[in-house]
Amino acid sequence: MIDLLKAGRKGEFDGNLNKMLDPATKKSVAFRMRPYGVTSYFDAFKATMAYNLMDVAGKIECPMLITEPANEAFWPGQSRQLYDLLSCPKTLIPFSASDGADLHCEPAGYGLRDLRVFNWLDETLRAI
């Protein structure tokens, strides 16, 4: 699919995804495409490819907190990639299934996530 996307083969890309996705996933993807103002899977994927911090992450100067939940379904590995690109003061906070705070945005562990985030904010803002 990535090769089709890179080659600009919109019809094939859209057709393949249309066959591959079940109705519930199609509905979810259609909802997520709305902010981009497109109805084509190809157009949505191309638009999201423009959102990339590779060239600017090293220019960030303020302290950064990055959460890294285990079992990340949407962006696996990207928390660590961003962390590695940063040259500013940075903290990576992992969350595990045993914490009850794995998965994207730690949905079953809001309390623990919030505790860790607010503790980081407290420490960081006191140091400024």
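1. Start with the strand pair. β1 (residues 64-69) and β2 (residues 90-95) run parallel and are joined by six bridges; strands count as paired once DSSP finds at least two bridges between them. Across the pair, Leu 65 sits opposite Thr 91 of β2. Strands here are DSSP runs of E with at least two residues, helices are runs of H or I with at least four, and both are numbered from the N terminus.

2. A word on what you're looking at. This is a predicted model, where local features need pLDDT of at least 70 and side-chain atom pairs count only at pLDDT 80 or more, while totals for chains, interfaces and linings use all residues. Residues are numbered from 1 along each chain as its sequence is written, and side-chain values use heavy atoms, with hydrogens and water left out.

3. Back to the fold: β1, helix α5 (residues 78-85) and β2 form a right-handed β-α-β unit. Right-handed means that, with the strands pointing away from you, the path from the first strand over the helix to the second goes clockwise.

4. Asp 102 deserves a look. You'll find Asp 102 in the loop between β2 and α6 (110-127). Asp 102 is buried but has no salt bridge, and Arg 116, the nearest side chain of opposite charge, is 11 Å away. Buried is under 20% relative accessible area, exposed is over 50%, and partly exposed is in between (1.4 Å probe, protein chains only). For charges, Lys and Arg are positive, Asp and Glu negative, with His and the chain ends not counted; a salt bridge needs a Lys or Arg side-chain nitrogen within 4 Å of an Asp or Glu carboxyl oxygen.

5. What does the Asp 102 side chain make a polar contact with? The partner is the side chain of Asn 71, at 2.6 Å. A polar contact is a pair of N or O atoms within 3.5 Å; within protein, one must be able to donate a hydrogen and the other to accept it, and residues adjacent in sequence count only if both atoms are side-chain atoms. Asn 71 itself lies in the loop between β1 and α5, and its phi is positive, near 60°, in a residue other than glycine.

6. Glu 106 is in the loop between β2 and α6 and is buried, with a relative accessible area of 2%.

7. Finally, α6 holds Arg 126, which is exposed because its relative accessibility is 65%. The Arg 126 side chain makes a polar contact with the Asp 122 side chain (2.8 Å).
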